[in-house]
Amino acid sequence: MDYRRKRKLTFFTIGLIFLLSGIEYAVILPTIWRYLQTLGAAPYFLGLGLSAFSLSGLLSGPLFGHWSDRTRTTKNIILFANLFEIVGNFMYFMGYSKWLLLSSRLVAGIGTGAGSSIFGFLTRSTAPEDRATVFAAVMACRQAGLLIGPAFNIFLRLCDFQLGPFVVNKYTAPGLFMCLLWILLQLPVMFMYWDIPPQDTRDQDGEVREVDTDGEEEGEIEEAKPLVSPKETPGSYGAVSPSQLNPAISNGNLPHFTPPPSPPPQSVTSNPFKNFSVTREFLKEEVVVLLTAQFITLFNQTALETMVTPLTQKYFNFGELENSIMYCICGVEVIAGFFFVRWLSGRVAERVVLAVGLIICNISCIWCLIFLANPQGGFSWQLAEFIIGVFLQVLGLPFVAVAQVSLFSKVTAEKTQGFSQGVRRSVGGLATILGPLWAGGLTDNLYVMLGVMVALLALLTIMMVFSYDRLLEPRVVQHADSSEECGES
């Protein structure tokens, strides 16, 4: 199979992985609140349940990323991570107690750590100018899952039967359904996913050069090294002087001699973490700004998502069906937003896209603080205020998400992208832990909850204004004498 076909099938499989992650979120989120209530859980358990999923992802992300950077492979990592999704969702289906449900989200969250390896793989296998487009497409797949998920909930809520010792109802069915989907996903990963070589191991005509198990070019160092160095001195290796010629050789007789011991083989690939410094890599001004953007936007998003279900139940008496329809509509908006950002990224700088997203997020948060903290008026007016607030919040997400991920991949080292993306996703995981916990304890005091969110966005906006000039891909300096240095070594 040629390289291009493998690449397309691999990217298609990555899209399926993110599609299922979106479906899982959309299937479980609308029902987990009522599920916990049937198990006698206190309201704060909603925040714990949502945070547990992010906590394990926070811890596993850098580990899976480090693994992929070391081995330059992701296929085995994905297959291994999906096992945690399978087990975790089956535990969710069992649902004997609130503690088992909490543990199920903890186990399933480990599987999300493979996302850092996938983003590292995408960074290595795409050109910088195409990266925002690829990331937008991958994120759109997850949002498509968020769109499709509520549709599955429409028929899952009709389940009411016994499966051996387990009860299958509208609360436990999502766990069984996702368990089966993750099992089926293992087949495409095994047969349609390849650890294709990085971008720089292909010739200009698209052919793939031979690579070793670590994904680097075979004999790259040897080809760059000249046979005879211009600075070769008599008596050195590779230089022969007349005085060194053996008389037996001049007579045509080759004496038998033991060849000198060959030098130890030089490793074709160096350790990607050699000379790597966490402080030097992640305390750069532009990296700090992008990690802060990752944290604050996800903190606000998950806090609002946690608030939405109790809010719609309190003011609009929404059930599972109404919440599923709401998430479905939001999914359509987000997918449209990602495709627009994908189109926009090829025409304007990514920092401009990030700035537009932050402006929209600021407007959204201020709107929610004014109109949703203490809704006034009749049912229609309150519903209109709620719809506008949710629309603005969802509108800004694609701009910020795509821009900060793409910029982050460009301002951090490419050889350690798996680990760096794991750190980025861990920062996001920390936000998705604290966001639900923050919102879950303040559902009756929305002024405090939303006020802090507005302050965080204002802080991020100020940071971006002062660091705007640094939010660019660093220039790569080509060293013309690199081959000479290889020859002299």
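These legends accompany several close-up views of a predicted model.

**View 1. Helix α3 and the glycine that follows.** Helix α3 runs over residues 75–94, and its 20 residues reach 29 Å from first C-alpha to last, close to the 28 Å expected at 1.5 Å a residue. Among its buried residues you will find I77, I78, N82, E85, Y92 and F93. Just after α3, look for G95, which takes a positive phi of about 50°.

**View 2. Inside the largest nonpolar core.** This core counts 111 residues, and those touching the most other members are I14, L122, F386, M449, L450 and M453. Helix α1 (residues 3–38) supplies the largest share, 14 residues. Leaving aside neighbours within four places in sequence, M453 is in contact with F299, N300, A303, L304 and C365.

View 3. R105 belongs to helix α4 (residues 98–110) and E24 to helix α1, 81 residues apart. R105 is buried at 6% relative accessible area, and E24 is buried at 2%.

View 4. The side chains of K410 and E350 meet at 3.1 Å, N to O. K410 lies in helix α14 (residues 379–411) and E350 in helix α13 (residues 350–371), so the pair ties together parts 60 residues apart in sequence. Both K410 and E350 are buried.

**View 5. A salt-bridge network around R470.** E285, E286 and R470 are linked in this network. E285 and R470 meet at 3.7 Å, N to O. Both are partly exposed, E285 at 35% relative accessibility and R470 at 43%.

Definitions and conventions:
Residues are numbered from 1 along each chain as its sequence is written. This is a predicted model: local features need pLDDT of at least 70, side-chain atom pairs count only at pLDDT 80 or more; totals for chains, interfaces and linings use all residues. Side-chain values use heavy atoms; hydrogens and water are left out. Helices (H or I, at least four residues) and strands (E, at least two) are DSSP runs, numbered from the N terminus. The expected span of a helix is 1.5 Å times one less than its number of residues. Buried means under 20% relative accessible area, exposed over 50%, partly exposed in between (1.4 Å probe, protein chains only). A nonpolar core is a set of buried Ala, Val, Leu, Ile, Met, Phe, Trp, Tyr and Cys residues joined through side-chain atoms within 4.5 Å. Contact means heavy atoms within 4.5 Å. A salt bridge is a side-chain nitrogen of Lys or Arg within 4 Å of a carboxyl oxygen of Asp or Glu.
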